[in-house]
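Dear colleague,

Please find the structure below, handed over for your records.

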Amino acid sequence: TVHVLPQTPQLIALLTIIRDKNTQRGDFIFYSNRIIRLLVEEGLNHLPVKEHEVTTPLGRTYAGVRFEGKICGVSIMRAGESMEQGLRDCCRSVRIGKILIQRDEDTSQPKLFYHKLPNDIADRWVLLLDPMNATGGSASMAVEVLKGKGVAEERILFLNLIASPEGLEHFASKFPKLRVITAFIDEGLDDKNYIVPGLGDFGDRHFG
Ligand code: HSX
Ligand code: HSX
């Protein structure tokens with residue numbers, strides 16, 4: 001299922017800054033981090049909670065809840081690493097796994113090079129991080145790696161900034177129980193399978 005962040009004027013303003021080709025690296029990082037923060041907070045909204053009662057300084061009880069279950073982040077390198085700090089800003093000691101997948105420039109086919117994941121990942125909720133979901137090939141390869149490690153599809157939350165309709169369709173048909181949380185759904189893909197209007201290569205703009 002696809003969850004799109006509320007399309008508030010603030011979010012559109014932030015997206016406008018990072019889409020602008022004249023935005024330099026420092027601003028690109030700062031403003032994309034603000035969107036990433038919104039995505040992480042929305043991702044955390046999907047985690048289960050259980051009842052938890054506390055006493056306030058006024059001596060009254062408050063029947064609240066607390067998070068239940070463990071989480072970990074998994075970034076798809078290189079671009080996904082740019083989202084790790086945003087996750088840490090919300091979950092200080094969160095464990096982070098890495099999957100290195102590169103898309104072949106000519107064929108657009110993803111290739112898996114490396115992965116290193118927390119050993120108890122099968123018991124965790126996974127926040128999968130990649131800012132761009134174009135054809136959906138890279139992220140879907142990452143999901144296969146996670147499933148191979150015993151992570152259930154319904155425990156994966158895929159966070160990304162910009163998705164194409166094609167990439168989302170790919171996910172919906174292949175992984176119906178997986179949740180995708182995205183900030184914006186763009187028009188589509190160009191003949192090189194780049195998202196348009198998009199923002200260019202996120203990894204290049206963030207890391208150089
Ligand atoms: C939990 O896992 C909390 O959100 C923490 O941020 C994190 C740390 O636990 P561990 O990964 O070190 O076991 O879900
Ligand atoms: C970009 O290409 C993104 O960060 C993703 O890792 C990938 C998206 O392309 P696709 O596999 O969805 O077509 O570097």
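Strand E5 gives the largest share of the lining of the largest pocket, four residues. Helices (H or I, at least four residues) and strands (E, at least two) are DSSP runs, numbered from the N terminus. This is a predicted model, in which local features need pLDDT of at least 70 and side-chain atom pairs count only at pLDDT 80 or more, while totals for chains, interfaces and linings use all residues. Residues are numbered from 1 along each chain as its sequence is written, chains are lettered from A and ligands numbered from 1 in the order in which they are written, and side-chain values use heavy atoms, with hydrogens and water left out.

The largest pocket holds about 880 Å³ of space. Of its 30 lining residues, Ala 79, Arg 103, Ser 138, Tyr 194 and Asp 201 are the closest to its centre. Two or more lining residues come from each of strand E4 (70-77), strand E5 (95-103), strand E8 (132-133), helix H4 (137-148) and helix H6 (202-207). By class, the lining has twelve nonpolar, ten polar and eight charged residues. Here Ala, Val, Leu, Ile, Met, Phe, Trp, Tyr, Cys and Pro count as nonpolar, Asp, Glu, Lys and Arg as charged, and the others, Gly among them, as polar.

On a 1 Å grid over the protein atoms alone, a pocket is an open set of points with protein on both sides within 12 Å along at least five of seven lines, whereas a cavity is a set where a 1.4 Å probe fits but cannot get out; lining residues have an atom within 4 Å of a point. Grid points are joined across faces, edges and corners, and a volume is the space filled by probe spheres set on the points.

Helix H5 (residues 165-174) gives the most to the lining of the largest cavity, three residues. That lining has seven nonpolar, one polar and no charged residues.

Yours sincerely
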